[in-house]
Amino acid sequence: MYYLGMDHGTTAVSFTILNNKRKPINTFSLNRRELSNKKVSFKEELKKYVNPNKIKLMGVTYGMGDKINTIQPLDKVKDKGILSINGAGKVTGGGSYVYNDIEDMNINSIIIPGLHKNSLNLDKRFRQAYSHCASSEKISLSYFAYDQTKWKNMIIADISSNTVSILVQNSKIVGAMDACIGAMGLIHGPLDLSMIRKIDSNQKTANQCFSNAGIVKLLPIENKITNIKNELVEGILENDKKYIDALDTMIMTIVMEIYGLYGISKNIDGIVLTGSIGSMIEPINISKIIKEKIEDLAPVKILTKDSGSIGSALIAYDILEKNKKSILGIPVTI
């Protein structure tokens, strides 16, 4: 029997298969645009890797996860566990096809919530300050980080299309900085005064601004969500100053965010970097650049970009096989 984990990312929906010894045996990703255009199908792709009937439990993440605050059976959750898709960044629709396929295939599944004002595990100050702190896959990647490091007190920075940093204290997620209020990512980032003026003058919607507030706003890149990382790397390798300065600016905001969470922590055993940018070693060692700027605070661990899907599968495994009743402070209600 097998366990399956899902990471509902911005550019792709990724999956990891665990065997009955809790070891990852396969990971695959489906491009969100290809999913939305029905060029690929989760139902068909999954069969290439595993017999769906042999999946004992699947850990699902979907969108903001802001309608639920516990880990629940997918068939008990209404509206896919989200309040709305509005204001949530780039919307392609591909993830909803995956969710529908999971339901159609009757895969035994749990859905993992996001971190928001109704998440009782969060420090009440985060709940009061921010309506939303992180989408659901951030819980999954945090669980993978906890599993790999055993650090009870840590900061996890997930750096890719957006940057979200999570604070764990005493093995419990107590806070997080979402992409719209903290550091820049490749696509998403915080809204500054110029963007607020564009919104007020009806030049752009807030979501359009949010979806172009990352590194894309600094570069001559057509925002197709799937090509930004490659164009950034190519520009830096060609020694183009615009691209070098843009990366340096993004890293500055990331380091600021990590230092900010460190400043309110009681204790930090280590810092974890993950995501497609946070884990990048080749062709540019971006993870090393960030690590050198924060390692005075605590030891730094670099994890795979697949942390989210692996973490989702580990959550499913540990709930069923180890009878876990909470995951980093998030209750399990099954």
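The model is predicted, so to speak of local features pLDDT must be at least 70, side-chain atom pairs count only at pLDDT 80 or more, and totals for chains, interfaces and linings use all residues. Residues are numbered from 1 along each chain as its sequence is written, and side-chain values use heavy atoms, with hydrogens and water left out. Helices (H or I, at least four residues) and strands (E, at least two) are DSSP runs, numbered from the N terminus.

**The sheet**
- Five strands make an open sheet in the order β11-β10-β9-β12-β13, with mixed pairing; two strands pair if DSSP finds at least two bridges between them.
- β11 and β13 (300–302) sit at the edges with a single partner strand each, so one side of each has no neighbour in the sheet.
- On average, neighbouring strands here are turned by 20° against each other, direction ignored.
- β9 (residues 154–159) runs parallel to β12 (residues 270–274) over five bridges, with D158 opposite T274.

**Strand β10**
- Seven of the seven residues of β10 (residues 163–169) are buried, so the strand is largely enclosed by the rest of the structure; buried means under 20% relative accessible area (1.4 Å probe, protein chains only).
- T163, S165, L167 and Q169 point one way, while V164, I166 and V168 point the other way.
- Six bridges join β10 to β9 in the antiparallel sense, A157 being the bridge partner of S165, and a hairpin links the two strands through three residues.

- α11 lies across β9, β12 and β13, at about 160° to β12; angles run from 0 to 180 degrees between N-to-C directions, and axes are lines fitted to C-alpha atoms, for helices over the stretch in contact.

**Helix α9 against helix α11**
- α9 (residues 241–264) and α11 (residues 286–294) pack at about 45°, with axes 10 Å apart.
- The contact (heavy atoms within 4.5 Å) is made by L247, I251, V255, I258 and Y259 of α9 and I286, I289, I290, K293 and I294 of α11.
- By class, that contact has nine nonpolar, no polar and one charged residues; Ala, Val, Leu, Ile, Met, Phe, Trp, Tyr, Cys and Pro count as nonpolar, Asp, Glu, Lys and Arg as charged, and the others, Gly among them, as polar.

Key: Buried < 20%, exposed > 50% of the residue type's maximum accessible area, 1.4 Å probe, protein only.
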